Amino acid sequence: MTDMPRKNFWSGLGVAALAVMLLTWIIPTYGGSGFAFGMQPQRLATLGAWLILGCSIVLTVVSAIALKRRGESIVATPDLGHLWHQAWPFLYVLGFIVLIDRFPLTWVAPLLIGGLLLLLGERRWYVVVLTAAIPTAGLYGLTAHLMRIGVV
Amino acid sequence: MIGFDAILNSFAAALHYESIAIILGGVLLGYIVGVIPGLNRAVAIAIAIPLTFYMSAYAAIAFLIGLSKGTAAGSAVSAILLNTPGEPSSAATCLDGYPMASSGKPRKALKVGLLASVIGDLLATLLLIAVAIPFASVALKFGPYELAAILIFALVFIAGMAGGSFLKGLAAGGMGVILGTVGLDPETGAMRLTFGFAELMEGVPILPLVIGTLALAEMFVQLDEYRRNKDASVIKLGKNADDDLSYQEFKGTLPTIFKSTGVGAFVGALPGLGPSVGAFMAYGLAKRSAKDPDSFGKGNPNGIAAAEASDNAVIPASYIPLFGLGIPGSVSAALLVGAFMIHGIQVGPLMLRDHPEMLFTLFSGMIVASLLMLAVGWYGLRIFARVTSVPPHIVISVVIFLCLAGIQVQGYGTFGLVTVFVFAIFGYFLKKFDYSFVTFLVAFIVTPMLEMNLRQSVILSGGEFSILLERPIALAFVVFTVLMVLHLGWTSYRRWMQARHKAKQV
């Protein structure tokens with residue numbers, strides 16, 4: 001049995017909530033205003049949001065009906081291990097974005113690449129060192145060249 | 001209109017050694033990327049766009065087109081030797097490529113794939129040149145009504161044809177439209193959805209958007225899949241004389257290559273269908289029309305030829321709506337539009353009027369790229385066979401670094417890094433929940449053009465819809481759009497009813 005109707009149900013619900021937020025708060029507040037001969041500044045974004053809302057509501061309802069007919073529950077407790085496995089790469093990259101904000105990327109790059117290799121199970125030191133060093137050296141060379149020609 | 005001398009000059013420019021070197025670089029890089037499983041064309045183009053910032057417009061686009069073509073041909077190598085397609089569109093190549101390679105004929109399988117790729121690509125490029133120019137000449141006569149109607153039709157068509165659910169496709173298109181309106185309103189100068197960030201005044205920057213949604217999100221998906229599929233065995237190339245492709249064997253695949261190129265070119269010219277559909281359609285056709293259909297799936301060279309010729313024919317053909325009408329029909333075409341935008345060129349029929357030399361030089365460059373593909377693939381066979389052994393964890397780590405470096409080198413700073421991260425989450429969501437990425441990206445790219453044409457139409461017509469009756473082409477596209485929505489809605493409903501019926505029987 002596939003998990004698609006449940007995925008569709010929750011994604012539809014999430015997208016519908018986003019569309020409602022867009023229509024009731026974000027577009028009216030931040031969508032811009034002013035006199036226009038043609039279309040109002042908010043018009044196209046509003047049409048897009050209505051399109052999203054309509055499609056996501058239909059998707060949610062159809063998926064809910066499919067789940068009900070199959071006798072499956074709408075809620076399924078996610079496996080925490082699986083969730084963690086999906087989430088850690090995002091946290092890893094976010095952590096390095098914070099570091100890049102404070103230190104030059106050429107300093108941070110070996111840690112970013114080497115750390116990820118170690119986390120993914122690479123234990124051969126020469127592979128870790130070479131994989132971390134070659135792209136970093138490439139970036140260093142490119143940055144030096146761009147500075148020399150006055151681009152950055 | 002451009003003269004014959006100018007066309008000759010365009011060819012001469014494409015054959016200049018600098019131009020050849022740039023295209024060769026693109027094809028070579030594309031080939032390597034295509035060979036590595038998990039790295040696809042879109043990821044390669046997204047990462048390569050920052051490299052092209054400091055090139056001339058022609059060099060940048062020629063490099064990216066070479067890259068795009070190289071990935072399509074290179075992806076067959078991993079499909080044949082590893083049974084893992086470098087691109088989803090090479091999945092059909094696995095069906096006969098891997099069994100043929102397993103039976104001790106890996107070189108033969110690779111050469112059939114390469115020759116089919118090159119012929120398919122070259123013929124589709126010639127078709128593009130023949131069709132796009134008359135197409136663009138007609139499109140230049142269109143006004144805002146026609147263009148707005150065609151763009152809306154194209155978006156609905158792509159949402160319906162890009163695979164998966166039509167509803168999710170339309171919703172993804174809506175997201176693209178909203179993001180496409182971010183920035184200063186061209187008529188009133190009002191700031192739209194910028195939230196006070198000056199960086200958003202010219203719209204959402206395209207580079208962080210494509211790197212985040214395509215490359216970084218793809219790496220997060222790859223990381224998720226990495227733990228499930230760590231081990232794969234590669235077939236090594238031997239020196240067996242039986243493993244060489246003879247002229248007779250190649251000749252036997254030619255009818256299949258020509259038919260499959262036709263299928264690929266047709267599929268490519270329709271926005272949204274993509275190379276996977278083309279490859280499987282051509283494979284199915286080759287199997288049905290074969291005298292020995294049972295041999296398909298067991299190492300029939302015609303199976304490889306069909307899949308590869310069609311897969312490679314889709315790419316140039318997908319540029320027909322791009323150069324003819326300004327509508328990107330695929331992710332790689334949409335990325336090319338982004339690259340054109342970065343270099344200040346509006347791609348589409350206006351190119352024929354404003355930059356005809358560049359258009360013809362690009363077309364010439366495409367033919368050069370097809371020929372270079374043959375040379376690179378033929379002489380680099382053994383090297384590329386070795387590249388398939390690069391472990392995925394090395395690829396993922398380096399690509400994540402390249403994503404962040406690409407943003408940093410372009411000077412987007414912290415804002416760019418945060419934007420790329422936000423779009424990576426967004427892209428991951430699109431991929432995991434199967435929302436059509438191509439519809440999202442195409443909608444994002446064409447929204448400024450759509451808005452401008454809609455706005456002009458509203459001003460010119462004074463809000464009167466009856467004006468459409470005087471514009472038959474625009475009216476026809478409005479009718480096509482309505483029919484398309486009804487047809488896709490009806491098809492989805494029937495599919496849903498069939499699934500319900502099946503579930504009841506079980």
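B:Leu193 sits in the loop between S2 and H9 of chain B. Helices (H or I, at least four residues) and strands (E, at least two) are DSSP runs, numbered from the N terminus. The model is predicted: local features need pLDDT of at least 70, side-chain atom pairs count only at pLDDT 80 or more, and totals for chains, interfaces and linings use all residues. Residues are numbered from 1 along each chain as its sequence is written, while chains are lettered from A and ligands numbered from 1 in the order in which they are written.

B:Leu193 is not a glycine, yet its phi is positive, about 50°. The loop between S2 and H9 of chain B also holds B:Phe195. B:Phe195 has a positive phi too, near 55°, and is likewise a residue other than glycine. Most residues other than glycine have a negative phi. Burial was assigned from C-beta atoms placed from the backbone: a residue is buried if 20 or more others lie within 10 Å of its own, exposed if 12 or fewer, and partly exposed in between. B:Leu193 is buried, with 23 other C-beta atoms within 10 Å. B:Phe195 is exposed, with 10 other C-beta atoms within 10 Å.

Chain B as a whole contains 21 helices and two strands. Its C-alpha atoms fill a box of roughly 75 × 65 × 50 Å along the principal axes. The radius of gyration of chain B is 23 Å, which agrees with the value near 23 Å for a compact globule of 506 residues. That radius is taken over C-alpha atoms, and the globule rule is 2.2 Å times the number of residues to the power 0.38. Of the 506 residues, 59% count as buried. Two residues are in contact if their C-beta atoms, placed from the backbone, lie within 7 Å. Among contacts in chain B with a separation of 6 or more, 80% come from residues 24 or more positions apart.

The contact between the chains takes 48 residues from chain B and 53 residues from chain A. Elements of chain B that give two or more residues to its side include strand S2 (191–192), helix H9 (206–226) and helix H19 (413–432). H18(B) supplies the largest share of that side, 10 residues. The side of chain B divides into 31 nonpolar, eight polar and nine charged residues. Here Ala, Val, Leu, Ile, Met, Phe, Trp, Tyr, Cys and Pro count as nonpolar, Asp, Glu, Lys and Arg as charged, and the others, Gly among them, as polar.

H19(B) has 20 residues and should span 28 Å at 1.5 Å a residue; its end C-alpha atoms are 29 Å apart, which agrees. The expected span is 1.5 Å times one less than the number of residues. Buried residues of H19(B) include B:Gly416, B:Phe421 and B:Tyr428. The buried residues of this helix pack against helix H3 (80–102) of chain A, together with H8, H9, H18 and H20 of chain B. B:Asp434 follows H19(B) and has a positive phi, near 60°.

The largest nonpolar core has 212 residues; B:Ala46, B:Ile211 and B:Val399 have the most contacts inside it. Helix H6 (residues 106–139) of chain B gives the most to this core, with 18 residues. Such a core is a set of buried Ala, Val, Leu, Ile, Met, Phe, Trp, Tyr and Cys residues joined through C-beta atoms within 7 Å. Not counting residues up to four places away in sequence, B:Val399 touches B:Leu39, B:Val43, B:Ile47, B:Ala215 and B:Met219.
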